[in-house]
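Hello,

Here is the structure I promised to pass on. Please open it and keep it beside you while you read my notes.

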Amino acid sequence: MTLLRARALAIGYPGKVVAQGLDFVIEPASVTCLLGPNGVGKTTLFKSLLGMIPAQAGEVDLLGRPLAAMRRDEIARVIAYVPQGQAVEFSYSVLDLVVMGRTAHLGMFAQPGDVDFRIARQAMMRLGIADLADRDSSRISGGQRQLAYVARALAQSAKIIVMDEPTASLDLANRARVLEMIKSMARSGLSIIMATHEPENAFDSADQVIVLERGGALTSGPPQSVLSAELLSRLYGVPIIVEQTASGRYVVRPDVLI
Amino acid sequence: MKTGSTLLALTALLLAAIIVAASVGPFRIPPLTVLTTIVARLMGDVDAGPVQTVLFQIRLPRILAAALVGAALAAAGAAYQNVFRNPLVSPDILGVSTGAGLGAILGILFGLPVVAIQLSGFAGGLVTVLLVGAIARSMRGGGDALVLVLSGIVISALAGAGISLAKILADPYDQLPAMTFWLLGSLAGVKAGDLAVAAPVIVLGIIPLVLLRWRIGVLSMGEDEALSLGVDVRRMRLVVIAATTLITASAVAISGVIGWVGLMAPHMARLLVGPRFDRLLPASLLLGAAFMVAVDTIARTAARVEIPLGVLTAVIGGPIFVWLLARYRRRAA
């Protein structure tokens, strides 16, 4: 069953529609990369998919139900969100931060119980951050915090996880770890939607790419067919070359001589 | 568990503060006598002797009022700091206290009886927050915390101007001292009857905070994240603002404007039990109550005249706060 379907979706705010007529679907166990230059509305699209801002036209369906008609906790049980790894104001322990992912599964007046803490610890173990449980989440590195947010999304037991540039501000090793983890989450049945500025990431890990161009044009499909040199050049406004190496890897680089 | 024992210690601290407070004063009652008299009274032994009269007619109502006001302001502050994601926010951020102040001051200016002054203070607080909410709603992005806070500041400033005007118009020998005393906070005039009116309202305001403690805690993640975690942010915020307004307005109505406690008590509690709201709320309640009982005891015993509470909370609370901050920051680093 299709997890998410956008139909003739218009995103933006009253009086300022950023893009319209968007149609795409998210299938189970898939990785979708969202590409587009800065300021094109990637975050606005994410907020619309998560129901943080209402669609200006058209609609988003989650598991066949219109998002606009769903309660907050119902939405949260289908789709989770991983913000960029900024610190929060209060110094929660990492475990307390992760267990907040269980909120949508708790009754209105309930507290997380042993089961919820166990699920939170399992999520942390899966990401290799079990040893951070008692650390102050405002005093760990940005990469560790990013992993903690991913663990929180896992603990949320949603079917789709939306990640806003999960690899931005990560070093080489953490970046590889996060991408590897994303692929493994997809193999285990989750669907990931992530914004990225690196087309090579999309070639490497995406089943589907969604490209949002200035003016709101949207193209979606497998990376090999969508991410042509022509489209990428148009997208970023500089000539771009797409090459495939002997090992089958795609290399994307601007055709600019320095 | 660590949190459990901290809460236990805070409860003991509160009880100790109450007993000491009940024993000191112009008519000294030894702490042990305080205890035995309370137990005897609870067993049904009522007499008209001086000990029981002082204890049950004068001291305990005032002490309970102090505990109630302290707990109320601390709980409201803790909830607001979470909702607005800002540890520097206090319960009067949306203008409750200033509005209540204006209401009470007008009551004094028009020579109303004490009960009417309290009611007028309570109404002033409620009207102010409703006004702030209406202004914020009429703007784009009205649910925004920033818009709410800014509207609160504007209306607070207006109410403050109203207070200044009322002070100028007031009779300088009779009304002005009453106004000043009220604006600095005092529990000197509290009767058991006031307590019976205010306590249920304050408890009514605290109940939703206790029931919704986990979701209120999640609000501290910020609007977008709380939404994505499944919390109906707007409704939750509305509940907290309504509950907190009720709590603060009733507290102000019986004690006058007491600053600083609502900001500081949650902070001290956070240093002791961490930021999780389900732990922070009980710790703030206990700490706020104990602190206010101690401060009010000093207010009525330290000098020949009553010292205004607002002055003492700042003078005593400030150094304690700095000491705690220094101590725990060092340990955390």
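**Two helices that cross in chain B**

The crossing of helices H12(B) and H13(B) is right-handed. A word first on the source: this is a predicted model.

Helix H12 covers residues 261-273 of chain B, and helix H13 covers residues 277-301 of chain B. Their axes come within 8 Å and cross at roughly 125 degrees. An angle from 65 to 115 degrees would count as roughly perpendicular, and one over 145 as roughly antiparallel. H12(B) and H13(B) are therefore oblique to each other.

Look at the residues that meet. From H12(B) they include Val261(B), Ala265(B), Pro266(B) and Met268(B). From H13(B) they include Leu280(B), Ala283(B), Leu287(B) and Phe291(B). By class, the contact of H12(B) with H13(B) has 12 nonpolar, 2 polar and 2 charged residues.

Now find Trp260(B), in the loop between H11 and H12 of chain B. Trp260(B) is not a glycine, yet its phi is positive, at about 85 degrees. Is Trp260(B) buried or exposed? It has 23 other C-beta atoms within 10 Å, so Trp260(B) is buried.

Compare helix H2 (residues 31-42) and helix H3 (residues 50-83) of chain B. Their axes come within 11 Å. The crossing angle is roughly 85 degrees. H2(B) and H3(B) are therefore roughly perpendicular to each other.

Which residues of H2(B) meet H3(B)? They are Thr33(B), Val34(B), Thr37(B) and Arg41(B). On the H3(B) side are Val51(B), Gln52(B), Leu55(B) and Phe56(B). The contact of H2(B) with H3(B) divides into 4 nonpolar, 3 polar and 1 charged residues.

**The sheet in chain A**

Turn to chain A. It has an open sheet of 6 strands with mixed pairing. Trace the order in the model: E6-E7-E8-E3-E9-E10. E6 and E10 of chain A are the edge strands, and each pairs on one side only. From one strand to the next, the twist averages 15 degrees.

Take the pairs one by one:

- E7 (residues 160-163) and E8 (residues 191-195) of chain A pair in the parallel sense over 4 bridges. Val162(A) has Ile193(A) in E8(A) as its bridge partner.
- E3(A) and E9(A) are also joined by 4 bridges, in the parallel sense. Here Leu35(A) has Val211(A) in E9(A) as its bridge partner.
- E9(A) and E10(A) run antiparallel, with 4 bridges between them. Leu212(A) stands opposite Leu218(A) in E10(A).

E9(A) and E10(A) form a hairpin with 5 residues between the strands. In that hairpin, Gly215(A) takes a positive phi near 95 degrees.

How many residues of E9(A) are buried? The count is 5 of its 5 residues. Side chains alternate between the two faces of the sheet in a regular strand. Both faces of E9(A) are covered. Gln208(A), Ile210(A) and Leu212(A) are buried on one side, and Val209(A) and Val211(A) on the other.

Helix H6 (residues 172-187) of chain A lies across E3 and E8 of chain A. It runs at about 150 degrees to E8(A). Glu165(A) sits in the loop between E7 and H6 of chain A. Its phi is near 45 degrees, which is positive in a residue other than glycine. Glu165(A) counts as buried because 20 C-beta neighbours lie inside 10 Å.

Ile79(A) belongs to strand E6 of chain A. It is buried, with 27 other C-beta atoms within 10 Å. Ile79(A) and Ile160(A) are 81 residues apart in sequence. In space they are 4.6 Å apart, C-alpha to C-alpha. Beyond four places away in sequence, the residues Ile79(A) touches include Leu49(A), Leu62(A), Ala158(A) and Val162(A).

**Where the chains meet**

The contact takes 22 residues from chain A and 21 residues from chain B. On the chain A side, helix H2 (72-78) and strand E6 (79-82) each supply at least two residues. H2(A) gives the most, with 3 residues. The side of chain A that touches chain B divides into 14 nonpolar, 4 polar and 4 charged residues.

Best wishes

Notes. Residues are numbered from 1 along each chain as its sequence is written. Chains are lettered from A and ligands numbered from 1 in the order in which they are written. This is a predicted model: local features need pLDDT of at least 70, side-chain atom pairs count only at pLDDT 80 or more; totals for chains, interfaces and linings use all residues. Two residues are in contact if their C-beta atoms, placed from the backbone, lie within 7 Å. Ala, Val, Leu, Ile, Met, Phe, Trp, Tyr, Cys and Pro count as nonpolar, Asp, Glu, Lys and Arg as charged, and the others, Gly among them, as polar. Two strands pair if DSSP finds at least two bridges between them. Axes are lines fitted to C-alpha atoms, for helices over the stretch in contact, and angles run from 0 to 180 degrees between N-to-C directions. Angles under 35 degrees count as roughly parallel, over 145 as roughly antiparallel, 65 to 115 as roughly perpendicular and the rest as oblique. A crossing is left-handed if the near helix is turned anticlockwise from the far one by less than a right angle, and right-handed if clockwise. A residue is buried if 20 or more other C-beta atoms lie within 10 Å of its own, exposed if 12 or fewer, and partly exposed in between; C-beta atoms are placed from the backbone.
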